[in-house]
Each structure stands twice: as structure tokens, then as C-alpha cells.
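Hi,

Here is the structure I promised to pass on.

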Amino acid sequence: MTALRYEARLALAIAAKDARAEMRGRQAVVSTLFFAAVVLLLFGFALGPDRARLAEAAPGLLWLALVFAGVLAVSRLHLIETDDGALEQLALYPVPRRAIYAGKALAGLAVMAVLGLVVLGAVAVLFGTSIGSAIVPLLATLMLGVVGIAAVGTFYAGLTVRLRAREVMLPLLMLPILAPLLLGAVKATAAALAGDPFGELGAWLQLLVAFDVIMLTAGLATYGYLLEDG
Amino acid sequence: MPRTTIYVSPRSLGSHDQRPPAVVTTDLARLFAGRPALAGVSLTVEPGRAIALLGPNGAGKTTLLRILSTALRPSYGSGQVDGLDLGRDVDAIRPRIAYLSHATGLYDDLTARENLAFAATMLATPHAEVRVDRALEDVGLIGRRRDLVRTFSAGMRKRLALARILLGEASLVLLDEPMAALDDEAMSLVQQLLGAWREVGVTVLVAAHSIERLESHLDGRVIMERGLVTAVAGNGVTSHAPAPLVAGHPLTVTR
């Protein structure tokens, strides 16, 4: 078995373990879906009943809901590791650290992908946004966006999981780093929904690809240090 | 009910004469918030021996085991496991270590079998399915294999964590208070495990307050107090002069 296949197998085992625990506890999916729904409804009420205004704000609201809920999702997935010393045990296994990062990020990506599809549907219904004709670029934007959130979130959740103030520290650390992703994702979503009249969609998607590659590379290279004693 | 014959690592460890010392520490110290939990421990443990670390709470037993497990880095001093350096060779040391801490490292929302299957994947255990079932049988939990760990008692969790050790091929087993929360039946499991590990040449360090029930399975004893080794007895372990002060560092030990 090549080293890459071995590491992929380890990452899948970690992601499957997280998914299985999540299916039983349903802490990440239920809490994030509820949170995303509340964010969308509250912003909707704040903007008022003007359909045109709501449709214009829809891309921003979609990604704000996803980013806020994403912070919660990656945090919940790392809390699985606080069961009775599980994180220390995971760190002591003789496995490449990047496989642990990849596994945790994969689990985060799976939760975020489900969340993204549900929130996209909810935005379409609540804000009267027509997504049918733009579904392919929207799904591409969604996928690139949630990969970035999972990549950043996994790293920072690993950094804060042992802290008592992790619920406060995680968004404080994660949200500023996600600013370029939020910008690119909102602009790409708006361009996709408008039929890309100015031909800018490709550039925004490239920004998201670059963000994902940088964050995944940084996470794979540095996550191992978070597991070690200082 | 645990089995009478326990299946331990099949890896050949070679004769004791050809192996380097299982553990060597030189002035090993660890500070927490400036206070020494371990204050300069120098020990040599021969391979294939079962050694007890004894002492009251705060003696430094857990800190020593955690450093040897690679979970903690020493603040000062150095150490080797199987001739490999604890600072430089962490990746090479980890496959050789099995560590059972106070915490069991189990996932509450996975079943007993799922917990061990996950560990088997992480440890690259050959014939994982067979070995997982065998380990569950060995610790007497095969009948509860489909139950979530969150429904287990403290003693059952400890037995399952011991089963996880059986999936690896460690040459050094570190047990921190393995008898805590165990009933008589589970105590005999720990005794059987010690016997089985000794038989195949695995070195075992057991931290405990009392070793009454394990006495006959141990070669040597290390008595610790306030982060230092105060006495060594029996075979297989030697201690150099304690070094309570680490040269060049403001390490204060109150004795």
C-alpha cells in the first residue's frame, strides 16, 4: 500500500468515526441547522418584507448563515475528541498527523455540505431567489466555500479544543481568516444568481480555489503541532 | 468473564541480552506553571521487566509515564525508549508504546467493537476483525460488543481500554493506575495481562498507590515522592543519584 493510500485510509477511518458518532449524537447537524435557520429568519425579519431587497441580500445572508453555522459545526466535531481523553489517545497513535487533519476536515466538510444544501434551499424559499438556472455555478461555489470553512475550522478547532474558553476563542480566531472566503463566495453567488452579466464568476471561483488550496496546505502542514505538548 | 489465555502481541522482541534498555532517563524533569511535577529522575529499566512505580498523589508517577508515552515533553533532562530518543525519535517510539492513562481514550458514542476497530485501523493491526473479536473475548466484553461505550461502567471502560492495548505490538506498556475501578474479576485480568506480557518480553511500567494484588507479577519497584525517586527495589531497574536541581535552571524542590 502506498503511503498516500495508507494516509487516505486513515483519514477515511477518522471521518467515518466522527460521522458515526455524529449520527448517534446528532449534535453538529441539528444544532447547526437550527442555528442557520435562526440566522436566516432573523436577518429576513430585519430586512423587512420587500422581496427585491431580500433577493438582493440573499447571497450575503446565505454565506453569513453558513459561516456562523460552520464555526459551530467544526467545534461540535472536535468536542467528540474530548470524551474521556480521546484526543490524547488519538495523538498517541503512530499515524501521520496530516491524516488526522484530513480526517477531521473531511468530517467537517460532510456536515458543511449537508448544511450548505439545506441552507441554499431555505434561502431560495424564504427570500424568493430563483436558483434553478444557476444551479451548477451555485453548487460549485457552495462546494468551494464549504471546503474552505472546513479547512480553516478544523485547524482552529484543533487549536482551541483544549481551552476552557474555546466557544469564545474559535469564532474570534476563525472569522477574520474567513473574510476573503466570505467575500469571494458572496460575490460568486451573486454573480451566479444574476447569470454572470459581467463575466466575473470565474475570477471569484479562482479566489475560492486559491483560498482552499492555501488553507488545506497550511492545515495539513501544521495541524500536527497542535496535537503535541508545547 | 475474561479468558484464561490472553493473546498478546505476536511480534518477536528478541532475547533480552540483544535489546537496549527498555527505558533510560537522565535527570528527567517536567515543570507545570513553574512547579516541578518531576524533578530530576534518572532510571534504567531492563527490557522484558515488569516494574511498579509507587508513591502518593503528586509523586510524579503519572508525569513520568506521560513523558515516556510521548504525550508530554520533558522540561529538562533526556530519555530513551528502546534506545530511541524521546525528543528526536517520537515517530519511531510511538508504535512501540501502549499507554493506559487515567482517562480511557474511548468514544462514548461508538460501540465497544467500533472503538476497537477504529484503534485497530490506527495501529495497522493485521487481521483486524479477528484480533478485535479476540481482544473483546480476552477482556470479557464480547457479549457487550454492540453496546455504546456511554452505557459502560468505569470498570468495563477500563477493560475495553486494556483490550485496545492488545491490538498493538508495543514493546513497552505503560499503565497508570490500571486497578482503579476494577472488581476482583477484572483485577485477575490485569494479573493475567502482566503474566502474558512478561512471557513475550514486553516491558511493563505500572503506576499505583498499592501493588498488593500484583506483587507476584512484578520484578522491581520504584518508590517516588515529590517528583523524585527515593528508593528502588527488586530486579530489572536501577536509579542513578537523584538530581533535584537541574544545572542552570531555577528549579526548586521542597523536600
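A quick word on terms: helices (H or I, at least four residues) and strands (E, at least two) are DSSP runs, numbered from the N terminus. This is a predicted model, where local features need pLDDT of at least 70 and side-chain atom pairs count only at pLDDT 80 or more, while totals for chains, interfaces and linings use all residues. Residues are numbered from 1 along each chain as its sequence is written, and chains are lettered from A and ligands numbered from 1 in the order in which they are written.

Chain B has six helices and 11 strands. Of its 255 residues, 52% count as buried (20 or more other C-beta atoms within 10 Å of a residue's own; 12 or fewer is exposed, in between is partly exposed, and C-beta atoms are placed from the backbone).

Now the contact between the chains, where two residues touch if their C-beta atoms, placed from the backbone, lie within 7 Å. It takes 22 residues from chain B and 19 residues from chain A. On the chain B side, helix 3 (residues 112–122) gives the most, with four residues.

B:T70 isn't a glycine, yet has a positive phi of about 80 degrees. B:T70 sits in the loop between helix 1 (61–68) and strand 4 (76–81), and is buried, with 23 other C-beta atoms within 10 Å. B:A124 also has a positive phi, near 55 degrees, without being glycine. You'll find B:A124 in the loop between helix 3 and helix 4 (128–138); with 18 C-beta neighbours inside 10 Å, B:A124 is partly exposed.

Cheers
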